[in-house]
Every structure is written in structure tokens, then in C-alpha cells.
Amino acid sequence: MAQDPFSGRTAVITGGGGGIGSALARAFAERGAKLALADVDPEAARRVADELVAGGTQAEAFPVDVTDRSDVFRLADAVVERFGKAHIVCNNAGVALGGEMWSAPMADWNYTMDVNFWGVLHGVQAFVPRILEHGEGGYIVNTASMAGLTGMSFLGMYCASKFAVVGLSESLSREVRPQGIGVSVLCPMIVETDINRNTMARHPDPERRKLANLAPPNDAAPPMRGGVVQAGDVARRVVRAMERDQLYILTHPEQQEILRRRSHRIDSAFSAENWEP
Ligand SMILES: NC(=O)c1ccc[n+]([C@@H]2O[C@H](COP(=O)([O-])OP(=O)(O)OC[C@H]3O[C@@H](n4cnc5c(N)ncnc54)[C@H](O)[C@@H]3O)[C@@H](O)[C@H]2O)c1
């Protein structure tokens, strides 16, 4: 019988202290996985770990800043020490800043790329060799966004970081799937989480951090337009996609038409008249 992707396996989730990350943790725990929750907010990760432990799941919280490569490698060592092996890794921690990309301060660009892109790469580099080493197979889920599949105005920084995660994931899938590691890239539209407030609360500029409490809830004034879904529904989609080994995880039905229009625009660039001298 094929190995169950969750039961008895250890899942590492960055950004596991809230939002989509904590919902993934609950969904994986329901399926019998053990959980390592990594978050830059240690209290938040501990709360989720305590809740899971109370429900009978082996779970631990790890304070980790994914922008710091050594921190993520220390996490990988700590997970092996505490759980023996890591099988599932969700590189999920992320921040979302809007604004005109051409006039945005470099602090915003760096903050966005440091967490959303380098954070994911650090997770891949720290964990893939360890999964290959134990030889039991595994799964990497990278959280991108619909903003990683189509450009959006006033979300240029976020789109650039998330397109990079989609590209990285597509390539990674080709590299490691033949070696027994599945790869999915999660691309939601609006999910009801505290991402706006959390993003500002960790902004490198102290003046911007002071504005964290003024940040609107993500479902009230999102830069993306469309339906709002709950993190628990996203997590159920992720579980299903992992069971089916699907590269792309989409969560909002309205994405289909938007992506179709994008494909059509690309396709029409090949029309004969564009090739005439
Ligand atoms: N909420 C949405 O509408 C939405 C839509 C598409 C994609 N996403 C993506 O989903 C992922 C999760 O976002 P969320 O909505 O659950 O947000 P969230 O703010 O609720 O959760 C993100 C978690 O990541 C943690 N985190 C932030 N920076 C970190 C760092 N440097 N190191 C470690 N942990 C860090 C935060 O403390 C928080 O617990 C992100 O990658 C985000 O870009 C969210």
C-alpha cells in the first residue's frame, strides 16, 4: 500500500503561528502528522503548538526568522533532533506590502523579497537535502499567491516575490519529483487572515511599525479583488492537492477566468500578423 502522505510523518510549517500556516497545521494534525511550527512570533507558534498537543498531536514551536539562512538551517537541525526526520515542509511565512512599485522605498522591496522569496529558498535549501538523505520521500508546499500568476497594479513588489516562488516551485518540482519529493505551489486570492497587521508589525522601519494597528483587516480593504475564503478551506485544498500530487493549488473559482485571459493574451502574441516582417 502507498505511504500515507501525513500519518506518522513530520511536517514543518513556517509562519505556522497564524493564518494559513496554523490552518495547515490543524489539517495535517487531523490526518495524523506531527508538527513543527516555525514563526518569527514565538508566542503565536507556541499557542498553536499547545492547542495541537492538547488534542493529542506531537507538536513543537520553534522561533525562526526565515530571512536568516542560518536560522532556517538551525531549524532543520532542531527538527531532526526532536522528531527524527522531516517529511513535509511548508514554506509559508510571508508578508504583503502594497504601493506603487516604481516609487516604493527600497526598505519595502527588501522586506518583501527577504521574507517572501529568500525565506522560501532558505527552507528549500535547508530541508531538501535532509529529505533526500532519509530516503522516505516527502513533500514541499511553497505558498505563493494568485499574485504569483498574474501581475496586479499596486502589488508589484508582492507580485515579483510571488512570481519568483512560482518559478522556483515549478523548477524544483522537475528536479526533485523523480526522487520522491512532491512539490506544490499554493496560489490563493484573498484569505481572511491578519496579514496586513502582521506585515506592518515587523516592518524594518520603526515608523512604519507604529502603524500596524491601523492596518485594515485583509478582507476589508484588500489590494486584490475577489471572494474571501477562510484559511481552513485553503488548508483542505492543500491536503487534497498533496494527496493527488498536484503542482498548482488554486483556491478561488474566479481565478480560472482571470488566468484564462492571461493565457489568451500570451497566446495571441503568436498570431501570424505579429510575425510578419
Ligand atoms: N491572506 C491572504 O489573502 C493571502 C493570499 C495569498 C497568499 N497569501 C500568502 O499566504 C502566506 C501566509 O499568509 P497569511 O495570510 O496566513 O498571513 P499571517 O500574517 O496570518 O501569517 C503569516 C505568519 O508568518 C509569520 N512570519 C512573518 N514573517 C516571518 C519571518 N520572517 N519568519 C518567520 N515567520 C514569519 C507571521 O508571524 C505569521 O504568523 C504568506 O506567504 C502570504 O503571502 C496570503
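**Helix packing and local features of the predicted chain**

The axes of helix 1 (residues 19–30) and helix 8 (residues 231–244) come within 8 Å and cross at roughly 55°. Here axes are lines fitted to C-alpha atoms, for helices over the stretch in contact, and angles run from 0 to 180 degrees between N-to-C directions. Helices (H or I, at least four residues) and strands (E, at least two) are DSSP runs, numbered from the N terminus. Helix 1 and helix 8 are therefore oblique to each other. Angles under 35 degrees count as roughly parallel, over 145 as roughly antiparallel, 65 to 115 as roughly perpendicular and the rest as oblique. The crossing of helix 1 and helix 8 is right-handed. A crossing is right-handed if the near helix is turned clockwise from the far one by less than a right angle, and left-handed if anticlockwise. Helix 1 contributes G19, I20, A23, L24, R26 and A27 to the contact. Helix 8 contributes A231, G232, V234, A235, R236, V238 and V239. Two residues are in contact if their C-beta atoms, placed from the backbone, lie within 7 Å. By class, the residues of this contact are nine nonpolar, two polar and two charged. Ala, Val, Leu, Ile, Met, Phe, Trp, Tyr, Cys and Pro count as nonpolar, Asp, Glu, Lys and Arg as charged, and the others, Gly among them, as polar.

The model is predicted: local features need pLDDT of at least 70, side-chain atom pairs count only at pLDDT 80 or more, and totals for chains, interfaces and linings use all residues. Residues are numbered from 1 along each chain as its sequence is written.

The protein chain has nine helices and nine strands. With 277 residues, a compact globule would have a radius of gyration near 19 Å, and the 19 Å of the protein chain agrees. The radius is taken over C-alpha atoms, and the globule rule is 2.2 Å times the number of residues to the power 0.38. Along the principal axes, the C-alpha atoms fill a box of roughly 60 × 50 × 35 Å. Buried residues account for 45% of the 277 residues. A residue is buried if 20 or more other C-beta atoms lie within 10 Å of its own, exposed if 12 or fewer, and partly exposed in between, with C-beta atoms placed from the backbone. Among contacts between residues at least 6 apart in sequence, 71% join residues at least 24 apart.

The crossing is right-handed. On the helix 4 side, the contact involves D108, W109, T112, M113, N116, F117, V120, L121, V124 and V128. On the helix 5 side stand M157, Y158, S161, K162, A164, V165, L168, L172 and V176. These residues divide into 14 nonpolar, three polar and two charged.

Helix 3 passes helix 4 in a right-handed crossing. From helix 3, the contact uses R69, V72, F73, L75, A76 and V80. From helix 4, it uses H122, G123, A126, F127 and R130. Seven of the residues are nonpolar, two polar and two charged.

W118 also belongs to helix 4. It is partly exposed, with 18 other C-beta atoms within 10 Å. Beyond its neighbours within four places in sequence, W118 is in contact with T67 and M113. W118 and V183 are 65 residues apart in sequence and 18 Å apart in space, C-alpha to C-alpha.

V89 lies in strand 4 (residues 88–91). With 29 C-beta neighbours inside 10 Å, V89 counts as buried. Not counting residues up to four places away in sequence, V89 touches V12, G123, F127 and I140. V89 and V124 are 35 residues apart in sequence, and their C-alpha atoms are 8.2 Å apart.

F154 sits in the loop between strand 5 (138–143) and helix 5. It counts as partly exposed, with 13 C-beta neighbours inside 10 Å. D245 occupies the loop between helix 8 and strand 9 (248–250). D245 is partly exposed, with 13 other C-beta atoms within 10 Å.
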